[in-house]
Structure formats: structure tokens, C-alpha cells
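Me: Please take a close look at one part of this model, the packing of a pair of helices, and then at the salt bridges.

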Amino acid sequence: MEANDDQYWIVVNRNHAGPYTVGQLKSMGIAPDTYTWRRGLTQWVAASDIPELSAALWPAEPESSVAPVVEPVIFTPPAPPVRVVAQVAPVSPVTVPAGQTEADKANCPPSYLWWSIVVAVVFSLPLGVVAIVFAAQVGKQWRDGDVAGARRSSERAAWCSVIGFVLGLMVMPFQILTMLL
């Protein structure tokens, strides 16, 4: 078994976290339905579906030879739920492309969303809208693990914003003249 085979990644608040060892996961007290991934798996699965994790984190209690004491059943209404936990959809693992370091993976490129909105409102509506679309794609691509796509969308949002700003400045004097006449 390689040294990295005992490392696990989990989904916490819709984000990947890890790598963790079995001991770290045990001390964290993760739930059996926590989405987990390790090398060798093709998709994210519940932690209880990984045999070595299930055995280490939630060992089966040995059956007792003593007969259970039967007590009368008292029916009481269930207590209202204290906390609602939303189901998290499985997420594909984030891979680091060749030539990219872990530090690059941790830094999401800027989306330039505010610049795009300003360009759309003040300078050039068509290029501003295109810039907003590219800016909106950055975060989703980054969360999905498409690092190159996130960077490409970030650059495109920046360029559309710059071009819209410059063209807006070039056209603005003519717009002002038209309003004055």
C-alpha cells in the first residue's frame, strides 16, 4: 500500500477538504453519510461505503449473550427537529493538472464581476453583459475542478471589461454631444 492510499478527502460545507488520515477523520467525528473520496475510487461515496473507514470509524458492536430486558413501550410524540441537514450532491474530485502546484490550486482566479457590472451599466452594455457571463463562470468552474477553464473565463471577463471600458470612453463624448444638441 502506498503512503497516499490512506489519505481521504471529504466534503464539508459543499467544499473539498483533505487529505485526512483515518485517525484524523475519527477525531473529527464525521457522519457515516459524509461524502468521501480516496485514490482508487471513481466517484465520491458515503464514508460508510468505504470498508476500511466504516470498520475503523463505526465498528460493529459485538452481540451480547445476555438476553435483553423487555420494558413496556411508552408512545410519546417525536420532538421537533433541531437542525435540518441538507443533502450534498456528489462532487467529482479536484485534480491538479500537470505543471500546477498545490499553491496554484488553492488560489481561485478573480472573477472581475464588479468591473463587468460597472462596464455594463456605465460604458458598454453588450461587452459588459458578455463580461458578466464570463465572470459568473469562474467560481463554478473552479469548484468543479476545471482550473484551466476558470482561468480562461477570468481572463475573458477581464478583457471584455477593458475593451468595453475603452470603447465606452471613446463613444461617450459623442453621446454627450448628441444629448446637448
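The reply below treats the helix pair and then the salt bridges.

Reply: This is a predicted model, in which local features need pLDDT of at least 70 and side-chain atom pairs count only at pLDDT 80 or more, while totals for chains, interfaces and linings use all residues. Residues are numbered from 1 along each chain as its sequence is written, and side-chain values use heavy atoms, with hydrogens and water left out.

Two packed helices are described by the angle between their axes and the distance between the axes. Helix 4 (residues 113-123) and helix 6 (residues 147-180) have axes that come within 9 Å and cross at roughly 25 degrees. Helix 4 is therefore roughly parallel to helix 6 (angles under 35 degrees count as such). Helices here are DSSP runs of H or I with at least four residues, and strands are runs of E with at least two. Axes are lines fitted to C-alpha atoms, for helices over the stretch in contact, and angles run from 0 to 180 degrees between N-to-C directions.

In one, the closest N and O atoms of Glu52 and Arg38 are 2.8 Å apart. Glu52 lies in helix 2 (residues 51-57) and Arg38 in the loop between strand 3 (35-37) and strand 4 (45-46), so the pair ties together parts that are 14 residues apart in sequence. Lys140 and Asp144 form a salt bridge at 2.6 Å, N to O.

Methods:
Parallel < 35°, antiparallel > 145°, perpendicular 65-115°, else oblique. Salt bridge = Lys/Arg side-chain N within 4 Å of Asp/Glu carboxyl O.
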